[in-house]
Amino acid sequence: MKLIIAAIKPFKLEEVREALTSIGVRGMMVTEIKGFGSQSGHTEIYRGAEYAVNFVPKIKLEIVVTSDMAEQVVETIVKTAKTDKIGDGKVFVLDVASATRVRTGETDADAI
């Protein structure tokens with residue numbers, strides 16, 4: 001099993017969710033986060049005053065899938081979240097040692 005963590009632009013969430021659902025992803029965790037990468041924040045002007053925005057709002061997706069499905073999930077996220085502008089996000093893939101469904105006690109692939 002693989003844990004896929006993706007940081008994407010907030011306005012892309014619904015489009016990415018629909019694309020993942022269409023390829024068979026049955027669940028995900030979504031968190032509103034702030035961060036910065038190569039864009040290192042930016043400056044904005046509000047009511048005539050300039051101020052620095054050091055952390056940019058993002059959405060973090062956490063998805064656990066079977067190992068054979070991981071590559072397709074990553075490709076779908078990248079294709080759907082891409083805007084060709086700086087700050088499109090990142091995708092990380094990690095190994096998952098085990099998973100357990102709390103309600104039924106099912107484990108590993110049966111739990112996801």
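Student: Which residues in α1 meet α2, and which in α2 do they meet?
Tutor: Glu15, Val16, Ala19 and Leu20 in α1 meet Val73, Thr76, Ile77, Thr80 and Ala81 in α2. Contact here means heavy atoms within 4.5 Å. Helices (H or I, at least four residues) and strands (E, at least two) are DSSP runs, numbered from the N terminus. This is a predicted model, where local features need pLDDT of at least 70, side-chain atom pairs count only at pLDDT 80 or more, and totals for chains, interfaces and linings use all residues. Residues are numbered from 1 along each chain as its sequence is written, and side-chain values use heavy atoms, with hydrogens and water left out.

Student: At what angle do the axes of α1 and α2 cross?
Tutor: Roughly 145°, and the axes of α1 (residues 13-22) and α2 (residues 67-81) come within 9 Å. Axes are lines fitted to C-alpha atoms, for helices over the stretch in contact, and angles run from 0 to 180 degrees between N-to-C directions.

Student: Now the sheet. What is the strand order?
Tutor: The order is β2-β5-β1-β6, an open sheet of four strands with antiparallel pairing. Two strands pair if DSSP finds at least two bridges between them.

Student: Which strands stand at the edges?
Tutor: β2 (29-35) and β6 do; each has a single partner strand, so one side of each is left without a neighbour in the sheet. Direction ignored, neighbouring strands of this sheet are turned by 20° against each other on average.

Student: What about β1, how many bridges join it to β5?
Tutor: Seven, and β1 and β5 (residues 56-65) run antiparallel. β1 also pairs with β6 (residues 89-95) over seven bridges, in the antiparallel sense.

Student: How many residues of β1 are buried?
Tutor: Five of the seven in β1 (residues 2-8), where buried means under 20% relative accessible area with a 1.4 Å probe, protein chains only.

Student: And which strands does each helix lie across?
Tutor: α1 lies across β1, β2 and β5, running at about 10° to β5. α2 lies across β1, β5 and β6, at about 5° to β1.

Conventions
Buried < 20%, exposed > 50% of the residue type's maximum accessible area, 1.4 Å probe, protein only.
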